[in-house]
Amino acid sequence: MITIGIIGYGYWGPNLVRNFFAAKDCCVKSVADSRLERLQQLGKIFPGISGVCDADDIIYDPDIDAVVIATPVSTHFQLAKESLLHGKHVLIEKPMASSVQEGEELIELAEQKNLLLMVDHTFLYTGAVEKMKQLVADKELGNIKYLDSTRINLGLFQPDINVLWDLAPHDISILNYIIKETPYSVNATGITHTNNEIENIAYLTINYNSGFIAHFNCSWTSPVKVRMMLIGGDQKMILYNDLEPTEKIKIYDTGYNHKSDEEKKRILVDYRTGDIHVPKLNTTEALLGMANDFVASIQEKRQPKSCYQIGLDVVRILEASNKSIKNNGCEVLLNTPNRVLKQKNYQVLRH
Ligand SMILES: NC(=O)c1ccc[n+]([C@@H]2O[C@H](COP(=O)([O-])OP(=O)(O)OC[C@H]3O[C@@H](n4cnc5c(N)ncnc54)[C@H](O)[C@@H]3O)[C@@H](O)[C@H]2O)c1
C-alpha cells in the first residue's frame, strides 16, 4: 500500500482526493489546505482523512510515501522540492512548474533520490486521446498536416498565470503525446483586458520542420464553452469535441489532392468528402486511470504515461510563448535538448 498526502483542496483537489480514495493499492492519509473552510468541507465528505492546515504536516510525515500537489502553479516548485528532499514520490498538477529551470531542478533531484516525479496531464488518460494516438500511429489519417484546438469559455481569471499556462497544458500535452516530431519554434500573441498584464485571450502556434503545424486558441472571455480539436491528415481528418457526451471523436473520410497547372501557374485542388465514422471509446474516468498509473509506477519502478518529460516539454513551450507574446508574436526557437530519461530504476515507458 502506498500512503498518500494531498496538498491543496481548492477547485481541483477534491477530484484528486475522490480518485485516490478509489484507486488501487493506496490510501489517502491526510489533505492539507491553508483555508479552514476547505478542511471543513473535506471532513464532511471524507471523515476518515485527516485535514491539516500546514503542508509541512504532510511533507514531514514519515508514514506518507507520496505527495500530490494541487496548489497554484507558483507554489509547485517549492512544495515539490521539499517533498523530494524528504524522500517522497511526487505527483504535481499541470503545469509542472513556473519555468524550465525549476522543472529541470526537480527532475535532477528526483533522479538523484531515485524517486518518482510525475505531472498530471489528465487528458492522456482519456479514451478519446488514446484513440487519436492510435489512429495517427496507424497512419489512418495519412500524413498528418495540422492540429488546431479551441479551448474557450467564461473562465476564472487566474492571479498568477495567463490563459495559456492555465488552459493550453491540456492541448500541448495531447499534441506531444500524439505527434512524435519535436517542434522547433513557437509564435504567440495575447491580450490582457485587465490592468494586471496577465493575458486573458491568447493564440499559440507551434512550428515543425516537416511542415506540420499546431495552433491553439485559449480564452477566459468567451460567452460559450468550446473544447474542440481538429487533426488533419492528407487522407482523413478527426474532429474531437470533448463536450460531446458519447460521440467525442468523429473521423471524416475527407481529403484533398493538388497538382500544378504549369500553364496557368496555379495550384489545382481536388476535394474528396466521404463517410463519417464514430469509433467506440473507453469511458473509464481519466483521473482514476492517472491515479492508478501513479501508484503502479511507484510500485513497479517505471515511468508513468504522463511522465515528467512531457511535463517539462509543456513548460518549455509555455515559457517560449511568454517571450513571443512580450515581443509581439515574434518567432521564438525552442531550445530542446535531446534529453534521455536516465533514471536508473524508473525505466522509460515507450508510448
Ligand atoms: N488536471 C486538470 O484537469 C486540472 C484542472 C484544474 C486545475 N488543475 C491544476 O490544479 C492546480 C490547482 O488548481 P485549483 O484550480 O484547484 O486552484 P485553487 O486556487 O482553487 O486551489 C488551490 C488550493 O490550494 C491551497 N493552498 C495553496 N498553497 C497552499 C499551501 N502552501 N499549503 C496548503 N494549502 C495551500 C489554497 O488554499 C487552495 O484551496 C493547478 O496547478 C491547476 O492548473 C488541473
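How many bridges join strand β1 to strand β2, and do these strands run parallel or antiparallel? The legends below refer to a predicted model.

**View 1. Strands β1 and β2 in the parallel sheet.** Strand β1, residues 2-7, and strand β2, residues 26-32, run parallel and are joined by six bridges. Within this pair, Thr3 has Cys27 of β2 as its bridge partner.

**View 2. The open sheet of six strands.** The strand order is β3-β2-β1-β4-β5-β6, and the pairing is parallel. At the edges stand β3 (50-52) and β6 (117-120), each of which pairs on one side only. From one strand to the next, the twist averages 25°.

**View 3. Helix α2 on strands β2 and β3.** Residues 36-45 form helix α2, which lies across β2 and β3. The helix runs at about 175° to β3.

**View 4. The open sheet of nine strands.** Here the order is β14-β13-β12-β11-β7-β10-β9-β8-β15, and the pairing is mixed. Strands β14 and β15 (332-333) are at the edges with a single partner strand each, so one side of each has no neighbour in the sheet.

**View 5. Strand β15 and its partner β8.** Strand β8, residues 185-191, runs antiparallel to β15, and two bridges join them. Ser185 has Leu333 in β15 as its bridge partner. Helix α7 (residues 163-178) packs on the sheet and touches β8, along with β7, β9 (201-207), β10 (213-219), β11 and β12. The direction of helix α7 makes about 155° with that of β10.

View 6. Helix α6, residues 127-137, lies across β7 (144-152), β11 (226-233), β12 (237-241) and β13 (249-261). Its direction is at about 170° to β12. Helix α7 also packs on the sheet, with β7, β11 and β12 among the strands it touches.

**View 7. A nonpolar patch on the surface.** The patch consists of Tyr256, Ile267, Val269 and Tyr271, which together have about 420 Å² of accessible area. Strand β14 (residues 266-277) supplies the largest share, three residues. In the sheet, β14 is one of the edge strands and has a single partner strand.

**View 8. Tyr271 in strand β14.** Is Tyr271 buried or exposed? Tyr271 belongs to strand β14 and is one of the residues of the nonpolar patch. Its relative accessibility is 69%. Because exposed means over 50% relative accessible area, Tyr271 counts as exposed.

Notes: Residues are numbered from 1 along each chain as its sequence is written. This is a predicted model: local features need pLDDT of at least 70, side-chain atom pairs count only at pLDDT 80 or more; totals for chains, interfaces and linings use all residues. Side-chain values use heavy atoms; hydrogens and water are left out. Patches are made of residues with over 30% relative accessible area and no salt bridge: like charges are joined within 9 Å, nonpolar side chains (Val, Leu, Ile, Met, Phe, Trp, Tyr) within 5 Å. Accessible areas come from the Shrake-Rupley method with a 1.4 Å probe; for residues, only the protein chains shown count as cover. A salt bridge is a side-chain nitrogen of Lys or Arg within 4 Å of a carboxyl oxygen of Asp or Glu. Helices (H or I, at least four residues) and strands (E, at least two) are DSSP runs, numbered from the N terminus. Buried means under 20% relative accessible area, exposed over 50%, partly exposed in between (1.4 Å probe, protein chains only). Two strands pair if DSSP finds at least two bridges between them. Contact means heavy atoms within 4.5 Å. Axes are lines fitted to C-alpha atoms, for helices over the stretch in contact, and angles run from 0 to 180 degrees between N-to-C directions.
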